[in-house]
Amino acid sequence: MDLDLAGRFFLVAGGTRGLGLGVAQALLAEGAAVSICGRDPARLAEALAGLGGLAEGRAVDLCDPAALAGWVEEAATRHGRLDGLLINAGGPPKGAFEAFDDAGWQAAFTLTLLSAVRLARAARPHLVASGGGSLVALTSTSVREPIDFLILSNVMRAGVASLVKSLARSWAGEGIRVNSLIPGFIATERLAFLEGALAAEAGRPAAEQRRLLEAEIPLGRYGAVAEFARAAAFLLSPASSYVTGASLVVDGGRLRGI
């Protein structure tokens, strides 16, 4: 399938590692131009080098509204268009309800939900000026089935899912499609960290913990970043022109809900 991405320009937030970096790679492979952002300048430089100099990027703290808006404005203005944006930020800390005070909740809100609001707000006029486009927000299986040890993610990512559904309805007339992607257990640094933390708490080897997690997946394995990224590239592309307000699950069949 031709995704019709050649000559188009996309922004990928949180694009210096993990799922975001994988999506940037997938878009570049389809001939698109891409700008990524990430908080750590050294990691940004490493990611850009790994992309073979084909992408551009900027060090941006997604909790800083001026920096976030500046990245979107500068990149879209320089390219003279914006065709899509991947809304993505690092996950909030692991922990149960009792682990967080007001400051912890506020930080998670700013990082996960408010950054999505700000990114969508900044991108909107550029998408309209380009004749429409696509927003894709990364969420989590926690929006369908809350995860006991990820209370902050459960709440904030559910807010992102609600934002996606709301914007899909209100921005459709402007030619902007808005969808979300739900990753399951995809082999990233984030998953490796959570896997290790669970293993330590249970007093079991990391390899055993992985086997237990993989046993929850009908396909019997973690997903590869590239497998997830291809789904994102599809939703960002004109190939999905009649898809909006959807939540696409990429989890190897792990979620049990209908």
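**View 1. The second largest pocket holds about 150 Å³ of space.** The model is predicted: local features need pLDDT of at least 70, side-chain atom pairs count only at pLDDT 80 or more, and totals for chains, interfaces and linings use all residues. Residues are numbered from 1 along each chain as its sequence is written, and side-chain values use heavy atoms, with hydrogens and water left out. A pocket is an open set of points on a 1 Å grid over the protein atoms alone, with protein on both sides within 12 Å along at least five of seven lines; lining residues have an atom within 4 Å of a point. Grid points are joined across faces, edges and corners, and a volume is the space filled by probe spheres set on the points. Of the 14 lining residues, Arg 8, Asp 83, Gly 132, Gly 133 and Pro 238 lie nearest the centre of the second largest pocket. The lining divides into three nonpolar, eight polar and three charged residues (nonpolar: Ala, Val, Leu, Ile, Met, Phe, Trp, Tyr, Cys and Pro; charged: Asp, Glu, Lys and Arg; polar: the others, Gly among them).

View 2. Two or more lining residues come from each of helix H1 (18–29), strand S2 (33–38), helix H5 (151–170) and helix H6 (189–202). Helices (H or I, at least four residues) and strands (E, at least two) are DSSP runs, numbered from the N terminus. H6 provides the largest share of this lining, six residues. By class there are 19 nonpolar, 14 polar and 10 charged residues.

**View 3. Two cavities of 30 Å³ or more are counted.** A cavity is a set of grid points where a 1.4 Å probe fits but cannot get out. The largest cavity has about 50 Å³ of space and is lined by residues including Ile 87, Thr 112, Ala 116, Arg 157 and Val 160. H4 gives the most to that lining, with three residues. The second largest cavity, about 40 Å³, has Ile 87, Ala 116 and Val 160 among its lining residues. H5 gives the most here, with four residues, and the lining consists of 10 nonpolar, no polar and no charged residues.

**View 4. Glu 189 and Arg 17 form a salt bridge at 3.2 Å, N to O.** A salt bridge is a side-chain nitrogen of Lys or Arg within 4 Å of a carboxyl oxygen of Asp or Glu; the count comes to 13. Glu 189 lies in helix H6 and Arg 17 in the loop between strand S1 (9–12) and H1, so the pair ties together parts 172 residues apart in sequence. Glu 189 is partly exposed, at 46% relative accessible area, and Arg 17 is partly exposed at 39% (buried: under 20%; exposed: over 50%; partly exposed: in between; 1.4 Å probe, protein chains only).

**View 5. Asp 83 pairs with Arg 81 in a salt bridge, the closest N and O atoms being 2.7 Å apart.** Asp 83 is buried at 5% relative accessible area, whereas Arg 81 is partly exposed at 30%.

**View 6. Glu 195, in helix H6, is buried and has no salt bridge.** The nearest side chain of opposite charge is Arg 210, 4.6 Å away (Lys and Arg count as positive, Asp and Glu as negative; His and the chain ends are not counted). Leaving out residues up to four places away in sequence, Glu 195 touches Ala 206, Gln 209, Arg 210, Leu 213 and Tyr 222 (contact: heavy atoms within 4.5 Å).
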